[in-house]
Amino acid sequence: MKPLRKAIGFSVLLLLLFMSACGGGAPAATEAPSSQDYSYESPAATEAPAMEEPAAEAPASSPQQQQNGQQPPSNNEPYDMFFEDYGVNPSIDTEDDNLSTFALDVDTGSYTVMRNYLQDGNLPPQDSVRVEEYVNYFDHGYALPPPHQAFGISIDGGPSPFTETERYDMLRIGIQGYEVADEDRKDAALTFVIDVSGSMDMDNRLGLVKRSLELLVEQLHRNDTVSIVVYGSEARVVLEPTPGSDSGRILDAIYSLQPEGATNAEAGLRLGYGMAMEAFNRDGINRVILCSDGVANVGLTGPDAILGEVSHYVEEGITLTTIGFGMDNYNDTLMEQLADNGDGFYAYVDDVDEARKLFIDEITGTLQTIALDAKVQVDFNPQVVMRYRLVGYENRAVADDEFRDNTVDAGEIGAGHSVTALYEVKLYPEARGRIATVLMRWEDPDTHQVVEISKDYDTSQISSDFRETDPYFQRAVVVAEFAEILKGSYWAEESSMDDVYDEARRIADYLYRDDVMDEFVDLVREARRLLD
């Protein structure tokens, strides 16, 4: 069942590779890979026909801008951006369905894409907003799980300042994973697949990729290995598997990267996975890291030719992380879904600070996975909860009856990472007792045992005053409202960016040493200006 789901997912994604025209850690395998031939000789790709690019026209106002009567976008607004509209979750009566089930997600790319837009003086497209990625970009201050326990569940709640109707509250459900010290991290076999096509010939694309990888080299262990595959019109190996102790050779390979040709992403991924198999570490981390603007315009064969290989790589324990770079001709949809189907995560790097966060501050969580196919199911009490709405996670839904189906693909979580979900709930007047039971289920990547934990939440634990709740809870609610306004969600139609800005400034006083919060206030201020 699971390989079939993977195969279908990758088939759709690789079709996207040809249709989009352009201008932590992995589970330790219990056995060494089979002796099947994983040749990574890349066939010569057909060059894309030379074309004279038409002069860029000034972009028209978006529907959101027209709706809000705002000024037309600036001349530097990104063009040919690919995003997917996953809709907005409805409010559900508990009498009809008291279970809510979804796959956990640690992606953050949607937030950094938004930041890039706003810092350039543009509103992000509504379709680019995935609310859960905004919320999960921030630290939530959860306590680490008890010793010898992989995860802890935190639940808190209170009213929202953006919901005037009485008896509506917000619940914050937090999943916190255990931390792994850097010296205890498993050795990693990392294979970078880097887009060096002409579209990457910008300082904030290939230039930023180089600076990001320089930061990573500083964090390598002696027994880590790094391989580098690049692709333009065709794919080729730049660096054979090289130990982390030979940092000079790795840096020389990074510095040598130059833009070339068209964009044969299919050949790059094929060659990258083949190289990852050659460097496979049976007892360590095996990860392919795709660095690209996510577009493709050249490829020799259809996806079926490599479909079996790709799904086999995932089953062997090679995960895929996708890291997006650059604006204009950027395919967010492809990068996000490739990571989801490759048992990895998706991030977008818009500056060196974000690269530092990914490759230095959170390097162990970036590389070492501590949970596979992680899912959450929330069982709401119909005697207490009238209705509920999951905020975000629209493309991470799991059927309720598949929660305990171990063949169903879900999310992966890195060491020390936390995942947060918000629910808007309406309680019955004067209702008392259990609000919900939160269940989490995942597969241990080392033992492959499936583990399930749960925690109850009661009406006596919910706060009656938003400003008396945990400041991290307050921030999560404000960030979610900010995202829903940018998304054009009908649940935020009565909300004001002015109110979001006022709440954000107030919360920043509690978190006065939090640079990320200060930056968020600036982003809300800019969004408010653009919406005026």
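Modeller: Helices (H or I, at least four residues) and strands (E, at least two) are DSSP runs, numbered from the N terminus. The model is a predicted one, in which local features need pLDDT of at least 70 and side-chain atom pairs count only at pLDDT 80 or more, while totals for chains, interfaces and linings use all residues. Residues are numbered from 1 along each chain as its sequence is written, and side-chain values use heavy atoms, without hydrogens or water.

Colleague: Why is H3 called largely enclosed by the rest of the structure?

Modeller: The term buried means under 20% relative accessible area, exposed means over 50%, and partly exposed lies in between (1.4 Å probe, protein chains only). In H3, 10 of the 11 residues are buried, so the helix is largely enclosed by the rest of the structure. Among them are Tyr111, Arg115, Asn116 and Tyr117. These buried residues pack against helix H4 (131-135), helix H9 (332-341), E10, H10, helix H12 (471-487) and helix H14 (515-531); contact here means heavy atoms within 4.5 Å.

Colleague: How do you know that the buried residues of H10 line one face of the helix?

Modeller: Those residues are Glu354, Ala355, Lys357, Leu358 and Phe359. Viewed down the axis of H10, they fall within an arc of 165 degrees, so they line one face. The arc is that of the directions from the helix axis to the C-beta atoms. Asp353 and Asp361, on the other side of H10, are exposed. The cover over the buried residues includes helix H3 (109-119), helix H5 (203-217), strand E9 (319-325), E10 and H11.

Colleague: What makes Asp351 a cap of H10?

Modeller: A side-chain oxygen of Asp351 lies 3.2 Å from the backbone nitrogen of Asp353, at the N-terminal end of H10. A polar contact is a pair of N or O atoms within 3.5 Å; within protein, one must be able to donate a hydrogen and the other to accept it, and residues adjacent in sequence count only if both atoms are side-chain atoms. Asp373, in strand E11 (residues 369-380), provides another example: its side chain reaches the backbone nitrogen of Ala410 at 3.1 Å.

Colleague: Why are Asp373 and Arg270 both called buried?

Modeller: Asp373 has a relative accessible area of 6%, so the term applies. Arg270, in helix H7 (residues 265-278), stands at 19% and therefore also counts as buried.

Colleague: What makes Phe403 buried, and which residues does Phe403 touch?

Modeller: Its relative accessible area is 1%, so Phe403 is buried. Phe403 sits in the loop between strand E12 (385-391) and strand E13 (411-414). Not counting residues up to four places away in sequence, Phe403 touches residues including Lys375, Gln377, Met440, Arg441 and Glu452. Arg441 is 38 residues away in sequence, with a C-alpha to C-alpha distance of 7.8 Å.

Colleague: Are His148 and Asp343 buried or exposed?

Modeller: His148, in the loop between H4 and strand E3 (151-159), has a relative accessible area of 88% and is therefore exposed. Asp343, in the loop between H9 and E10, is at 7% and so counts as buried.

Colleague: What is phi in His148 and in Asp343?

Modeller: Most residues other than glycine have a negative phi. His148, however, has a positive value near 65 degrees, and Asp343 has a positive phi of about 60 degrees.
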